[in-house]
Amino acid sequence: MNNLFTLIKANILNSWGINKVIKSKARGEKIKAGLLGIVIVYAFCIVTFTMFMINYPLGQVLEKLNALELLISSSILSTTLFALMMSIYKIPSYLFSFKDYDLLMSLPLKPSAVLASKMIFIYLSNLLVTIVVGIPPLIIYGMKTSGGVLYYTFVAITTLFIPLIPISIGAFFAYFLGRVSSKFRSTNLVMLIGSFILFISIMVASTTVGQINTVQVQNSIPTVTALNDILFWTKLYIGALKNNNVLYLIAFVLVSMIFFGVFIVVFSKGFKSINSKLSEKYKASNYKMKRLTVSTPLKALYIKELKFYFSSYIYVLNTSFSVIMMTIFSIGIAVFGKDAVSKVLEIPMAETYISPIITLVFIFCIGFTSTTAASISLEGKSLWIIKALPVKIESILWSKILVNLTLTVPALIINIAIVALAFKMDAVTILAIFVVSLLYCLLSPILGILINLYFPKLEWTTQVVVVKQSASVLLAILAAFVIISIPVLLFVLLKLENVNLFLGAFSIILLISNVILIKILNTTGVKKFKEL
Amino acid sequence: MLKISNLTKTYKGGKKAVDNLSLEICSGDIYGFIGHNGAGKTTTIKCVTGILEFSEGDIWVGGKSIKSDPIECKKMIAYIPDNPDLYENMTGIQYLNFIADIFSISSTERQATIKQYSDLLELTSSLGDLISSYSHGMKQKLAIISALIHKPKLYVMDEPFVGLDPMAAHTFKEIMKEQCKNGSAIFFSTHVLEVAEKMCNKIAIIKDGKLIASGETAAVKGNSSLEQLFLELNDNE
C-alpha cells in the first residue's frame with residue numbers, strides 16, 4: 001500500500017509540474033503557474049456555468065413531466081460517457097509503452113501496484129471532470145426536490161465512485177486494442193483505427209443522449225431508460241440519490257469498487273507481458289545501402305516532423321479528430337441535408353446564414369487541430385538535435401507549422417467542395433468561406449507554436465502529458481474559443497445582413513492578425529526558441 | 001579553429017555554471033576537457049555548439065562568432081552528446097539522411113560516407129531498423145556516423161566513448177586520429193583519464209565552472225600521471 005501511495009505521488013509530481021512551481025526560484029515561472037491556475041479555474045467555472053444553463057431548463061421541463069429523476073440519469077450518463085471517452089483517449093499512453101516502464105519494472109514493485117498507481121492517476125484527472133459535468137444537474141435536482149444534508153452527502157459519496165467503472169471499461173478497450181496491435185508491425189496504426197472507431201461510436205451514442213437536453217425530452221425517455229438498463233450500475237446510482245436509499249448507495253459503491261478491483265487483478269496478470277511485447281521493436285537487421293534521396297533543409301525538417309506526427313498515437317488521435325469530424329459534418333450535410341445535421345448538432349442553419357455557420361464549423365474544427373501547440377514540447381530530450389543544426393530557427397518553426405497545414409488545408413478544400421456542391425453555392429460565397437478558413441488555417445498553428453514557445457514542457461514521461469494536459473495545449477484551445485467567439489458575438493450583436501461582407505471584414509482582420517503573428521514568430525518566437 | 005573568450009554562463013537562480021572560461025583549440029588538436037560531475041563541461045560544450053545561449057564572453061569557430069553567425073559556425077561543427085537521445089521513430093538510415101539533407105550533402109557523397117563508417121562501426125545491417133530498437137551503444141555509433149557525414153572542421157563531443165564496446169571504441173579512436181590528420185580539431189569531455197592522457201595533445205581541467213589548468217598535455221601533467229594531477233588539483237582548490 002505504501003508503494004502505491006509513493007507511486008501515485010511520483011506520478012503527480014512528474015506529470016502536473018508541482019515541483020516546478022514550488023521549487024522554482026524564478027519569478028517568471030511562478031507568474032506563469034499563477035496565470036495558468038487562473039485559466040484552469042476560469043475554464044472550470046465556465047464549464048460548470050454552462051452545465052447549469054443546460055440543465056436548468058431541462059429541470060423545468062422534467063418537473064412538468066413529473067420525471068425529475070431523469071436529471072440524475074442525465075448526470076450519470078453524461079459523466080459516464082465523458083469519462084469513457086477520456087479514458088479511451090488517455091489510457092493507451094498511460095498503460096502502454098510509458099517512458100518509466102523500464103525504471104518501474106526494475107524496482108521491487110508488483111505489476112499490480114504499478115498498474116493501480118497509473119489507474120488511480122487517471123481516476124484523479126477524471127474525477128475533476130466528473131465534478132464539473134455531473135454535479136450541476138444534481139444540484140438542480142436538489143433545489144427542485146428540496147434535498148437535505150443527506151442528499152448532498154450521498155451526492156458527494158457517489159461522485160467519488162462514478163469514474164471507477166467507465167475508466168475500467170476504457171482500460172479494457174485499451175487493453176484489447178493493445179493486445180491486438182502488439183501482434184502487428186504497425187502497432188500505432190491498429191491502435192489509431194481502433195480508437196477512432198470506438199470514439200466515433202461513443203459520439204454517435206452521446207448525440208442520442210444529448211436529446212434529453214432538448215424539447216423532445218418526452219420522446220427521449222425510452223432511450224435514456226434503455227441506456228440505464230445497459231449500464232446497469234447507473235440504476236443503483238439513481239436509486240441511491242432519488243430516495244436517499246442507503247442500500248442502493250452501498251450497492252453502487254461496492255459494484256464500482258469490485259469492477260475496478262477485478263479489472264486491476266485480472267489486467268495486472270497480463271500487464272507486464274503486453275508491455276514487454278509492445279516494447280519489442282521490429283528488427284530486420286538486413287539493411288543494404290541503396291541510393292538516398294536528397295531534400296532541401298526545410299523539406300527534410302518537414303518530413304521529419306511529419307514522420308514524428310504519424311508515429312505518435314496520442315498526437316494523431318488528439319489533433320486529427322476534428323478534421324475527421326469536419327468531413328463527417330460536410331458529408332452529413334451532403335447526404336442527409338442541412339436540416340438533419342442542424343437537428344443533431346443543435347445549431348441553427350437558416351438559409352441566409354448558411355455560409356457563416358459553415359465557416360464557423362470549419363474554423364472550429366481547424367482550431368482544434370493545432371498540432372503546433374505541443375510540437376516544441378514533444379521534442380523533449382531530442383531538442384538538442386534541432387538546436388545544434390545549421391538551419392534558421394524560422395525554418396524549424398515553419399516545418400512544424402507546415403505539418404499542421406498539411407492536415408488542415410487539403411481537408412478544408414475537400415470539405416468546401418462538398419458543401420459547395422451540396423448547397424449549390426455561388427463563386428463569391430465559396431471564395432469567402434475559403435479565404436476566411438484558409439487564413440484561420442495559418443493563424444491557428446502560428447498561435448499554437450507561439451504559445452508552446454512560452455509554455456514549453458520538455459520533461460515528460462508520456463506524450464499524453466504534453467498532448468492533452470500541458471499548459472500550452474489548454475491555452476491554445478482557449479485562444480481558439482476566444483477567436484471564434486468574437487466574430488460570432490459581433491455577428492449576432494450587429495445583426496448584419498450582408499454575410500459575404502461580414503466574412504470579407506473578418507478575413508481582413510485575420511490577414512492583419514497573421515501578419516502580426518508572423519512578425520512576432522520571427523522575432524520573439526526565435527528568441528524564445530533560443531532560450532529553450 | 002575554436003576560441004572561447006571569457007565565457008560565462010549563468011543559470012536561472014544565479015548559479016554560474018561556467019565562469020570566465022577561455023581556451024583555444026587549433027586544427028589538428030585533440031583537446032581533452034576534464035572535470036568532475038557538475039563542473040561545467042556539458043554547459044561549456046552546449047554553449048560551443050550553439051545549444052545554450054550565454055550571458056558573457058564569446059565563442060569563435062573558424063573565425064566566426066557563434067553569437068552573431070550561429071548557422072555558419074554550426075556548419076563547421078559536429079556534436080555528439082553524452083546521451084544520444086535521437087529521433088526514436090526514425091530508422092537509422094532515415095536519421096542519417098535527415099542530417100545529410102540539413103548539411104546539403106550530395107547523394108553520392110552521403111552514401112559513400114555512411115557506407116564507409118557504418119561498415120567500420122558494424123552498423124550497416126541495422127540501419128533499416130527503428131532507432132527505438134537500438135541499444136545505447138548502437139545509438140552512440142549512429143550519432144558518431146551522423147557527426148562524420150558533413151566532414152566537419154570541429155568535433156565537439158561529450159563523453160563520446162560511453163556505451164561503446166571495446167572494438168567500436170578502438171575504431172572510433174582511429175577515426176578521431178584520422179580526422180585530425182586531415183586538419184579537423186576535436187574537443188571532447190571525458191571522465192576516462194587514461195584515454196585523455198593517451199589521445200590528447202592538449203587538455204583543460206575545469207572545476208566549479210572555472211578553468212584550473214590547460215595547455216599541452218605533457219606540460220600540464222609534468223612528471224605525474226593525469227590521474228594524480230586531477231586529484232591534486234581538485235583537492236587543492
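A:Thr319 belongs to helix H14 (residues 313-336) of chain A. Helices here are DSSP runs of H or I with at least four residues, strands are runs of E with at least two, and both are numbered from the N terminus. This is a predicted model, in which local features need pLDDT of at least 70, side-chain atom pairs count only at pLDDT 80 or more, and totals for chains, interfaces and linings use all residues. Residues are numbered from 1 along each chain as its sequence is written, chains are lettered from A and ligands numbered from 1 in the order written, and side-chain values use heavy atoms, without hydrogens and water.

Is A:Thr319 buried or exposed? A:Thr319 is buried, at 4% relative accessible area. Buried means under 20%, exposed over 50%, and partly exposed in between, with a 1.4 Å probe and protein chains only. A polar atom of the A:Thr319 side chain lies 2.6 Å from the backbone oxygen of A:Tyr315. Leaving out residues up to four places away in sequence, A:Thr319 touches A:Tyr309, A:Phe368, A:Thr369, A:Ser370 and A:Thr371. Contact means heavy atoms within 4.5 Å.

## Aromatic pairs

Rings of Phe, Tyr and Trp (its six-membered ring) pair if their centres lie within 6.5 Å; planes under 30 degrees apart are stacked, over 60 edge-to-face, and the rest tilted. The count is 21 aromatic pairs over all chains. A:Trp233 and A:Phe259 form a tilted pair, with ring centres 6.2 Å apart and planes at 55°. A:Trp233 lies in helix H11 (residues 233-242) and A:Phe259 in helix H12 (residues 246-279), both of chain A, so the pair ties together parts 26 residues apart in sequence. A:Trp233 is buried at 4%, whereas A:Phe259 is partly exposed at 29%.

A:Phe263 and A:Phe267 are also tilted, with centres 5.1 Å apart and planes at 40°. Both lie in helix H12 of chain A, four residues apart, about one turn of the helix. A:Phe263 is buried at 10% relative accessibility, and A:Phe267 is buried at 2%. Elsewhere, ring pairs link A:Phe308, A:Tyr309, A:Phe310 and A:Tyr315 into a cluster.

## The largest nonpolar core

A nonpolar core is a set of buried Ala, Val, Leu, Ile, Met, Phe, Trp, Tyr and Cys residues joined through side-chain atoms within 4.5 Å. The largest one has 238 residues. Those touching the most other members are A:Met119, A:Phe529, B:Ile59, B:Tyr95, B:Phe98 and B:Leu127. Helix H18 (residues 393-423) of chain A gives the largest share of this core, 14 residues.

How values were computed:
Polar contact = N/O pair within 3.5 Å; in protein donor to acceptor, adjacent residues only side chain to side chain.
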